[in-house]
Amino acid sequence: MINGLHSYKLLFMVQLLVGEAVFLYHLERKQNFRLRAMLCAAALLAAAALFPIPWENAWYVSFLFLSLFLLTLLALLFCFDEPFGNLLFCAVAGYTVQHLAYLVYTTFNDITQFSAIFGSFVQPYAAESTALSDWAWLSIVIYADAYFMIYYGAFDLLDAKLKANHNLRLGRNSIVGLSGLLIAADVIFNMVTNYYTVGNRVSLLLERSYNILVCALILALLNNQLSQRELKDELAGVRYVVEQGKRQYELAKKSVDLINIKYHDLRHHSKQLALQEYGEELTELNQTLDQYAALVKTGSEVLDVILTEKTLACREQDTQLMCMADGRGLEFVKTHHLYALLGNAIDNAMEAVQTRSIDERVISFSLKRQGKFVHIHVENPCAGTVTLREGLPVTTKGDQDYHGFGMLSMKTVAEQYGGGLSVQAGDGIFCLDIVLSASTDENE
């Protein structure tokens, strides 16, 4: 014969460890992790088995389960090389999922009374003991299904966001701490329900429903924390790209200014060569200077700098940048915003054509203003299939700390000017279109 609570605390520990494991997959592990995990699992099961039960009432049993939970948190500190906030997040999420699964199963049992018909699998708070031979296989199946569905649903809800937070900055500790207090209060309230709500089935179901609602609220809070962290990471990436645009434009302008100085010096030198009758050298020099002089003259100094820099960069990788741009009327676009738009657009196109044959390395760029709208179009050949997510290409680079934010920053800047960004990819051609509105008052 096995007493319900004495056996259930072991089962609870197994359920809690599995619930926490659902969220621990992406955490950084310490050396000798397997050995550490095995030692901790054995110690936790022993602690659950040996935890004394001198009183069986709501307050002491609440203390029992919360103490076992705190022991698992210490085990996480021993096994994982992560900040305490991250471990607390995963531990609270795991306990919430375990408690929710218990509540769903218990509520289903209270409504259907199937255990009274088919036999009970586990009754942790029953006064009488339960014999192993009396356990019903159907009850075991329903019990296991309830836990599996809740655990899998929580994994499906949070794992994608946990993976996206690959650096696992899991949000504000205050919200995680509040979630921990909520689950602790819910556990205590559930114990009061188990021990003091008797004979009133309606009240029992209402209290169970309240407990389930609290668990759902906790998971919603944790999910919201991950969503906010994801948005903060995206915002940080966008700001980084725009700030880089400021610095890159300043460097590009200095480079182009130096080239212009050299250009004028060489023009003066070519006149001296003409007087000294250096025919062949003069012809070659003039051809080079004519090529540079014909690079880009758009009517906008900023646009000239950007396109000059990118044209020279394209020539270095044997890529032809075909430009048709009228830069008049671009004064409403801030310099670093224009660089963030055009610099990223042309850089992406250059990277896309780099693996193509020299004959196919052609990028078409056009910029024109019609009324209050500025239309930018960039087109280049592309190999393979371009994967889009929410209308934007997914980065193929392994390091995603700031890669992948270039296109997002362009979209953000375009929307800041009352416009938008669209992408089309098909038949080996990638097309990027950006529209800006001159009537929008943008902020820094």
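Which residues in helix 3 meet which residues in helix 4? The legends below take up this question together with other close-up views of the model, which is a predicted one.

**View 1. The contact between helix 3 and helix 4.** From helix 3, the residues Phe-65, Leu-66, Phe-69, Leu-73, Leu-76 and Leu-77 take part, and they meet Phe-84, Leu-87, Leu-88, Ala-91, Val-92 and Tyr-95 in helix 4. The axes of helix 3 and helix 4 (residues 84–112) come within 10 Å and cross at roughly 140°, which makes helix 3 oblique to helix 4, given that an angle has to be over 145 degrees to count as roughly antiparallel. The crossing of these two helices, helix 3 and helix 4, is right-handed.

View 2. Although Lys-9 lies 56 residues from Phe-65 along the chain, the C-alpha atoms of Phe-65 and Lys-9 are separated by 7.8 Å.

**View 3. The buried and exposed residues of helix 2.** The 18 residues of helix 2 (residues 33–50) should span 26 Å at 1.5 Å a residue, and the computed distance of 25 Å between its end C-alpha atoms agrees with this. Phe-33, Cys-40, Leu-44 and Ala-48 are the buried residues of helix 2, and because they cover an arc of only 65° around the axis, they lie on the same side of the helix. The face turned away from that buried side carries the exposed residues Arg-34, Leu-35, Met-38, Leu-39 and Leu-50. Helix 1 (4–24) and helix 3 (58–79) are included in what covers the buried residues of helix 2.

**View 4. The packing of helix 10 and helix 11.** Helix 10 (residues 301–316) and helix 11 (residues 335–353) pack at an angle of about 20°, with their axes 10 Å apart, which makes helix 10 roughly parallel to helix 11. Helix 10 passes helix 11 in a right-handed crossing. Among the residues of helix 10 that meet helix 11 are Val-302, Ile-306, Glu-309, Lys-310 and Ala-313, while the helix 11 side of the contact includes Thr-335, Leu-338, Leu-342, Ile-346 and Met-350.

**View 5. The protein chain as a setting for the close-ups.** The secondary structure of the protein chain comes to twelve helices and seven strands, and of its 444 residues 44% count as buried. Of the contacts in the protein chain with a separation of 6 or more, 73% are accounted for by residues 24 or more positions apart.

Notes:
Residues numbered from 1 in each chain as written. Predicted model: local features only at pLDDT ≥ 70, side-chain atom pairs only at ≥ 80, totals over all residues. Heavy atoms only, no water. Helix = DSSP H or I, 4+ residues; strand = E, 2+ residues; numbered from the N terminus. Expected span 1.5 Å × (residues − 1). Buried < 20%, exposed > 50% of the residue type's maximum accessible area, 1.4 Å probe, protein only. Arc of directions from axis to C-beta. Contact = heavy atoms within 4.5 Å. Axes fitted to C-alpha atoms, helices over the stretch in contact; angles between N-to-C directions. Parallel < 35°, antiparallel > 145°, perpendicular 65-115°, else oblique. Left-handed = near helix turned anticlockwise from the far one by under 90°.
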